Amino acid sequence: MGDYNGVRTWQPGESMRRLDWKAFSREKGLLVKDFVALSSTDTDLLDFDAFSGDTEQRLSHLCHELLLRAPTLKPFSVHVPGKRLGPDCGAAYVQSCLQALALYGVKESP
């Protein structure tokens with residue numbers, strides 16, 4: 001994952017896996033453990049399975065995270081069951097990721 005870089009405030013749509021539960025138990029609010037990449041080849045993975053909730057909630061979280069990363073021009077990957085995109089960046093890539101999220105669960109015509 002990377003080197004520990006401290007904590008920051010949790011934002012809706014972020015994975016609950018990185019929550020600092022000790023800080024929460026000390027009533028310091030919802031904080032997320034933040035890490036810096038070990039190398040420039042590391043890319044973020046937006047993974048359907050990393051989010052909780054029903055399918056629609058997970059897709060909503062993925063879309064939120066995708067739109068947050070879009071302007072950074074830092075490569076990232078998107079994974080929904082049965083499909084993995086990237087790593088890549090840029091407007092065309094973001095568009096293809098949004099399309100994959102929009103069409104998730106829709107059966108292809110023969």
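Reader: Why is Phe 24 called partly exposed?

Author: In this predicted model, Phe 24 has a relative accessible area of 42%; since buried means under 20% and exposed means over 50%, the value falls in between, and Phe 24 is therefore partly exposed.

Reader: What makes the pair of Trp 21 and Phe 24 edge-to-face?

Author: The structure holds 3 aromatic pairs, and in one of them the rings of Trp 21 and Phe 24 have their centres 5.9 Å apart, with their planes at 90 degrees. Centres within 6.5 Å make a pair, and planes over 60 degrees apart count as edge-to-face, so the rings of Trp 21 and Phe 24 form an edge-to-face pair.

Reader: Why are Trp 21 and Phe 24 separated by about one helical turn?

Author: They are 3 residues apart in helix α1, which is why about one helical turn separates them.

Reader: What makes the pair of Phe 48 and Tyr 104 tilted?

Author: The ring centres of Phe 48 and Tyr 104 are 5.4 Å apart and their planes stand at 40 degrees; because stacked requires under 30 degrees and edge-to-face over 60, this pair is tilted. The pair links distant parts of the chain, with Phe 48 in the loop between β3 (44–47) and α2 (55–69) and Tyr 104 in the segment after α3 (91–102), 56 residues apart.

Reader: How do you know whether Phe 48 is buried or exposed?

Author: Phe 48 has a relative accessible area of 6%, and the cut-off for buried is under 20%, so Phe 48 is buried. Tyr 104, at 27% relative accessibility, counts instead as partly exposed.

Methods: Residues numbered from 1 in each chain as written. Predicted model: local features only at pLDDT ≥ 70, side-chain atom pairs only at ≥ 80, totals over all residues. Heavy atoms only, no water. Phe/Tyr/Trp six-rings, centres within 6.5 Å; stacked < 30°, edge-to-face > 60°. Helix = DSSP H or I, 4+ residues; strand = E, 2+ residues; numbered from the N terminus. Buried < 20%, exposed > 50% of the residue type's maximum accessible area, 1.4 Å probe, protein only.
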